[in-house]
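Hello,

Here is the structure for your files. My notes on the ligand site, the pockets and the backbone follow below it.

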Amino acid sequence: MTYEEALQNARTEIANCHACPVCNGVACKNKIPGPGSKGTGTVAPRNYNAWQNIYLNMDTIAPNLGVDTSIEIFGEKFDLPVFAAPIGAVTNHYGEKYDEYTYTRIMATGCRKAGIAAFTGDGLNEMFFEAGCAAMEGAGFGVPTVKPWHKELVFKKIDHAKAKGAKVLAMDIDASGLPFLKAMTPPSGSKSVEELREFIEYAGIPFYLKGIMTVSGARKALEAGAAGIIVSNHGGRVLDHTPASASVLPAIAEAVGDKMEILVDGGIRTGHDIFKALALGAKAVLIGRPYVVMAYGGAEEGIAAYTAKLKAELTDCMQMTGCATLADITADKVCHV
Ligand SMILES: Cc1cc2nc3c(=O)[nH]c(=O)nc-3n(C[C@H](O)[C@H](O)[C@H](O)COP(=O)(O)O)c2cc1C
């Protein structure tokens, strides 16, 4: 199956999403439940557009050494610096084709077969997190991503993920902006550095904080003991009028990049975008909506086809800019116009 075939199939298999030729957040603007971004719906398109305003510095006077796209992170080796982003409550957002268990299994296993791995999501129904953990266990690796619930529930979910074999955990701290979290008793949502440190110490395994958009937020994540952060605005779903993740990444990388791992998501769609993200200081990227579309349109084959497309594009970018390894993708390999 090709990427185009999976995309075509998805158009009749998925709800709320148009499986557009370019996944730029415009046609689904404001569609929640669904893949849209909140309020004016401009944040997801802004994420996408920001990558389009960065260009690659072509330079082919370089030793012809071949290209290695592999990465070591999370104590494992992966074929590409790419992970499927956590997407929770898929039936609610994308329709009846999959229940949570089937979707997360396809995603986690499909990603492993394609040489990468999946983060899995969380939600009000405890089954969402459990489905992700079961999928991670079946796939052999994955990153369960817990929401910032109240302490007892976070501890319970950490215990569950570790019992299922989690070697790495994440928390989408920016989910504080989701209405169902705000409405909970005891209160859930934003956490102090001390509260986060307690979670991270309790977990005792590398812990990543997702949803960091400022230098001060990154410094607080570091202070709390996070192994890394995901620079992300949740695809525009938690707060309207935020900048693009690509716009804030360089300053965050400059401030904490030598002390913790930095990943980024939001509007990354191609190998070219991955290259740009690495040049701006990210170690790896997460891709959300397009992997959902591939899962709905082609299950594991769709995930494999899209990942192969990303790899071919990234390889081309590296060859044409004189980068033999990911470490060679430095800030001078891109320009802004
Ligand atoms: C329908 C939907 C559900 C999501 N659920 C979660 C979730 O459970 N946990 C999480 O950390 N992020 C969640 N996200 C955010 C994504 O992980 C990611 O940060 C965002 O989609 C940006 O990446 P993209 O532009 O490649 O889609 C969700 C996004 C969408 C569209």
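**Cavity, pockets and ligand**

The lining of the largest cavity is made up of seven nonpolar, three polar and no charged residues. For these classes, Ala, Val, Leu, Ile, Met, Phe, Trp, Tyr, Cys and Pro count as nonpolar, Asp, Glu, Lys and Arg as charged, and the others, Gly among them, as polar.

Before the rest, the conditions. This is a predicted model, in which local features need pLDDT of at least 70 and side-chain atom pairs count only at pLDDT 80 or more, while totals for chains, interfaces and linings use all residues. Residues are numbered from 1 along each chain as its sequence is written, and side-chain values use heavy atoms, with hydrogens and water left out.

Cavities and pockets were searched on a 1 Å grid over the protein atoms alone: a cavity is a set of points where a 1.4 Å probe fits but cannot get out, a pocket is an open set with protein on both sides within 12 Å along at least five of seven lines, and lining residues have an atom within 4 Å of a point. Grid points are joined across faces, edges and corners, and a volume is the space filled by probe spheres set on the points. Helices (H or I, at least four residues) and strands (E, at least two) are DSSP runs, numbered from the N terminus.

**The cavity**

The whole structure has one cavity of 30 Å³ or more. The volume of the largest cavity is about 50 Å³. Its lining consists of Ala85, Pro86, Ile87, Tyr103, Thr104, Met107, Ala108, Phe119, Thr120 and Gly121. Helix H4 (100–113) and strand E5 (117–120) are the elements that give two or more residues to this lining, and H4 has the largest share with four residues.

**The ligand and the largest pocket**

Where does the ligand sit? The space it takes is the largest pocket, by the rule that more than half of a molecule's atoms lie within 2 Å of the grid points. That pocket holds about 690 Å³. It is lined by 38 residues, with Gly88, His93, Leu178, His234 and Arg237 closest to its centre. By class, the lining has 16 nonpolar, 13 polar and nine charged residues. Helix H3 (90–94), helix H7 (179–182) and strand E11 (284–287) each supply at least two residues of it; H3 gives the most, with three residues.

Around the ligand there are 24 residues, and Pro86, Asp265, Gly267, Arg269 and Gly288 come nearest (a residue is near if one of its heavy atoms lies within 4 Å). This shell divides into five nonpolar, 11 polar and eight charged residues.

- Pro86: a polar backbone atom is 2.7 Å from an oxygen atom of the ligand.
- Gly267: a backbone N or O atom is 2.9 Å from an oxygen atom of the ligand.
- His234: a polar side-chain atom is 3.3 Å from a nitrogen atom of the ligand.

On its own the ligand has 610 Å² of accessible area, and the protein covers 98% of this (Shrake-Rupley method, 1.4 Å probe; for residues, only the protein chains shown count as cover).

**The second largest pocket**

This pocket has a volume of about 530 Å³. Of its 23 lining residues, Ile173, Asp174, Ser176, Gly211 and Ile212 lie nearest the centre. Helix H8 (193–203), strand E8 (207–212) and helix H9 (215–224) each supply at least two lining residues. The classes are 10 nonpolar, 10 polar and three charged.

**Backbone**

The peptide bond from Ile32 to Pro33 is cis, with omega near 0°; Pro33 is in the loop between helix H1 (3–13) and helix H2 (43–52). Asn16, in the loop between H1 and H2, has a positive phi of about 70° although it is not a glycine. Thr185 and Pro186 are also joined by a cis peptide bond, with omega about -10°, and Pro186 is in the loop between H7 and H8.

Regards

Methods. Polar contact = N/O pair within 3.5 Å; in protein donor to acceptor, adjacent residues only side chain to side chain.
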